[in-house]
Amino acid sequence: MSTLANEETGEAVNRAPSKRTRIMRGIVTPTLGLLAVACIVFGVLNATVWKPSGGVEASASVESPYLVTDPGVLQLVDDQVTVTARLASGRASGVRLCMAMGSAQDAVGWMAGQRYERVRGLDGWTKLDTASERAPGRQAKTADQVDFEHSDMWRQVKCGAGSVTMAAEPQEGQVAIISVEKASGDMHGSKAAARKGAAKPKIDMTMRWEHRKVSNYSLPLYIAGGLLAVLAVLSATVFAMEPVRRRKAGGGDGRERPEVTVAEAFGGVLAPVFSMFRRSKSGKRHSRPAGEGPDGTEGRPKVVDVSAKNMVADQQAAGDEATGTDAAEPPVLNIPSDRGQADSRDHEGGADRQDTGEDMQDYLARLADEVAVPEGPGTPEASHASPDDREEEVPDATGQAGGAEDASADLDDSTVGAFPSADDGNPMRDGMHDSTVGAFPAIGDDAGSDGGLDDSTDSGEGDGISDETTEVFEPEGRTRARGLKAGDRRSDGKAKGGRGKGGDR
Amino acid sequence: MIRTNHGRRVCRGLAAVLVGLTLLPLAACEGEVPTAKDRSSSATPQPDLTTQQEARIRRSIVKTLEQANQAKDPAGLDARVTGPQLQIRSSELTIAKSTGNLDPKTTIPGQIAQTVIPGDSGWPRSVFAITTTTEDQQSKRLLVMNQASARENYKLWGVARLFQGAQLPKFPVPTIGAQMGAADDKGLKETPQQAVEHYADVLQHGKNSKYAKEFSSDYLRDSIGKLTDTVQQGIDANKGEQKQTFTPEKGQIRVMRSSDGGDLVVAQINSVWTRKAGEGRESLPASDAEKALFGGGQATSTMKVTYVNVIAIYVPSSSSSDPVKAVGAERQPVKVEAV
C-alpha cells in the first residue's frame, strides 16, 4: 500500500512541478518583469520630464483700500513667500502702497469698521481666492493716530509709491496687510486726488512661493521597480519549485519521551515527606533497598532525607564493603544513640537494622557454626529484650528504636560482644560486655552509661523471661541450620527493636 | 478545460497589469492645491508684541524722553508719553528748566530685567516692563506702556520706582503672553479698584485709617507720614494747619494678572496738600520742586500743592495669606498755587 502510494505521489510530484513551473516562469515572471521595467521607466520620467515645477505663482486683482491674507495663506505652498502688490493705476500722486506683516487681530483692529478684501487661499495653481469682508468694531476717534507705516503693531512694514514687494518667512498666524495710504506730506494740491485714489483703488497682488521641498515621485517608483524585479526573479526560481515535504523527526511520533513524568516528579518530591509521617506505622517501607523510590519506579532520583541520615549506617555500609563481617555493627551502634535522639534516627537505625538483619544473621550463623557455644550468660541478659520484642512484634521499629535501656543494654552487649565473637553463648562475651559496655557510655548518653549496671538490673528482671529470650536468640543458630526465614528476620528485627523498647522504662 | 482556465487567468493578469500601468502616470502630478485650513495653526494665543517689538517701542519712548530732557521742554512728549507719566514728566521738565538740573529720579535705564506682554486681542493694551537698577544704584523702575487703540502707538503711561526689597509677583514669559486684568477683577483679597481706594485712605489718614490693617507697611506710607509730621511741627509752631487729601484718578488704573493668581495694579492717586500758615504768615513752598513750580508767584497764607502719585500695589488672591502691599510709587508735585 505504502509503495503504491509512494509511486502515485512520485508520479504526481513528477507531473505537478512542470505545470507550476510553466505558470510561474511563463506568465508570472514576465508580468512582474514588465511591471518592474515600467516602474523604472516612469521613475526616470518623473525625475526628468515630469518633474514638478519649482515655483508657484498666484495672483489676484481687487478693488479695495485694504487687502489682508487669511492666517495660513502665506505658508500655503512653502514657508517662504514673496508678496508683491501693485497699484493698477501705477504711480499715482497722493497715494502710496504699504504692506506689513502682523497678527490677524492687529490687522483687523487696524481696519476696524471698514471694508476690506481677504485672500482666502489658492483657486487653482495660478489664482488667488478672494472675498470681501467688513472688519468688526469701530474706529476710535482719537487725535493720536499714527499712519500705517509707523504703527508699533507690525513685525515688518514696507511702503512704496506704486508697488511694494516683500519677501518674508512669516510665523504661524501671521498675515500680510496691504493698505493704500495717503502719501504723507503731499497734502495740499492732491488732497482730493488722494482721497479719491484711496477710496477704491485697484490693487494687483501676486504671491510667489518657491518649492524648496519638491516631492520626489521617482524614488517610490524606483523602489517598486526593484521589488518587482526581485519578485520576478523569485517567481522564476524559488516559487516555481514544489514545496518539499518536511521530514518527520523521530519514528512517526515526534513527541519526545520524557524521562520523568510529572506524577513521578511530584511523587519523588513528596515521598520523603509522606514517609516521615508513616515511619511509625509500617516498617515495610524501610525494607526497601536504598535505590528505590516509594513507587518502586526505576530511574527516579533517590530522595535523601537529610534528617534521617545515619552516619552509623553509612559507616556500616562502608564497613560491609570493606570487611563484610561487621554486619552486626550498625545495629549495635545505633542503639545508644537512639536512646537520646530523634525517633527518625532510630527509625532509620531500625531500617538499617532491618537491612542489615540478614547480614547479621548470616554472620551470626557463621559464628554459631564456628564457635558452637551453648546459650551463655549473655542470653539471660539478652532475654531481657525478648518480652519487649514480643510486645513489639507487630509494631514497627519505632518501638524497637525506642531506645530501651535494659534491652538495648543487653543487645548492646550481644552485639558488642559480637565484635570479638558473635553469640550469646560466648563466654568471653560477658567479659567483653563489661568492657565494651563500659566503653559505650562514652558514645551514648546517660542511658547507656550505666550499661553495665543496667545489665545487672536487667538481668534480674529478665530472669523470668530468659527462656523466651533464649529462644529468641537461639534460633539464630537454628535458623541458620534451617535456613533463613522471614520470621527469623523479623525476630532479629524485633530483637534489635526490643533493645530500644526496653529502654522505655 | 485546463487551457480555458489558463487562458482566462492570463487575460486577467494582463488586464491588471494594464490598469496598473495607466494609473502610474497619475503619480507624476503635482498634487492637490493646498488650502489654508491645512496649514493654518490652531488658535494658540500669541503675545501682542514680540520682545523685539517691545524693545523697539521702549527704545522709541526713551528716545522721546531723552529728547525732551535735552530740551528741558515737554513739548514733544505726548508722542510717546501719556497719562500720569505725562503730567509727572512735564512737571519734572519744568522744574529742571527752572533749576537747571533734572532730578535723578527721572532716570529710566535702557535695559530691562523683565517684560510682561499680554496676549489680549482687544484695546487698550498695557505692557509692563521692569528695568534694571540705574547706574547710580537707584531702584528699579516699573514701566507701564499703553496702547489706547489699534491706530495709536504705545505710550509710556506710568512709571513707579520700586521700593527697596519689594518682591514682585511672577508673570508668564513674553513668548507665552500674560493676561491683562480689569479694575473689578474677582477672586482677589479685594478688587483692584477697592485696593487703590483703600490705599488712598491709608495715605490720607495713616494709622487711623480703617483700612490700615489691610496693607503691610511700605516706604511711601512711612515717608509721607514722616513728611507730614515734620511739616506739622512747623505748622504747630505758627498755629497753622495742614491737610492732605488723596483721591484716586478715575480710569487711570492698569492691571496685569500674575501667575500666582494675584493682580499687579498700577494706578494714579492725586493728592492735594493744603498748608495754611497761621498768625498771618505766608505759606511758602516746602521744597525746591514746589518752589520751582511755584515760580515767582505771590505767596499767601494758604498754599495748595497738587501731587500726582503713581502707586503700584500687589493684590494677592483671596486664598493667599499675604496682605495687600504697595511695591512701588512715584510722587511728584505738578501744581503749586497760592490760594
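Over residues 23-45 of chain A, the chain is 100% helix and 0% strand, with the end C-alpha atoms 32 Å apart. Helices (H or I, at least four residues) and strands (E, at least two) are DSSP runs, numbered from the N terminus. This is a predicted model: local features need pLDDT of at least 70, side-chain atom pairs count only at pLDDT 80 or more, and totals for chains, interfaces and linings use all residues. Residues are numbered from 1 along each chain as its sequence is written, chains are lettered from A and ligands numbered from 1 in the order in which they are written, and side-chain values use heavy atoms, leaving out hydrogens and water.

**Transmembrane regions in chain A**

- An unreviewed UniProt entry lists residues 23-45 and 217-240 of chain A as "transmembrane region".
- UniProt positions follow the numbering used here, feature names are shortened, and annotations may be inferred rather than shown by experiment.
- Residues 217-240 of chain A are 79% helix and 0% strand. Their end C-alpha atoms are 33 Å apart.

**The disulfide**

- A disulfide is a covalent bond between the sulfur atoms of two cysteines. Here the rule is a pair of cysteine sulfur atoms within 2.5 Å.
- The count is one disulfide over all chains. Cys98(A) is joined to Cys159(A), S to S 1.7 Å.
- Cys98(A) sits in strand β4 (residues 95-103) of chain A and Cys159(A) in strand β7 (residues 156-160) of chain A, so the bond ties together parts 61 residues apart in sequence.
- The torsion about the S-S bond of Cys98(A) and Cys159(A) is about 110°, so this disulfide is right-handed.

**Buried residues in chain A**

- Buried means under 20% relative accessible area, exposed over 50%, and partly exposed in between (1.4 Å probe, protein chains only).
- Cys98(A) counts as buried because its relative accessibility is 0%.
- Cys39(A) has 6% relative accessibility, so Cys39(A) counts as buried too.

**Around Ala112(A)**

- Ala112(A) lies in the loop between α2 (104-110) and β5 (115-122) of chain A.
- Its relative accessibility is 8%, so Ala112(A) counts as buried.
- Contact means heavy atoms within 4.5 Å. Leaving out residues up to four places away in sequence, Ala112(A) touches Ala135(A), Pro136(A), Gly137(A), Arg138(A) and Gln139(A).
- Ala112(A) and Arg138(A) are 26 residues apart in sequence, yet 5.0 Å apart in space, C-alpha to C-alpha.

**Chain B as a whole**

- Chain B has seven helices and nine strands.
- Of its 339 residues, 46% count as buried.
- Among chain B contacts with a separation of 6 or more, 64% come from residues 24 or more positions apart.
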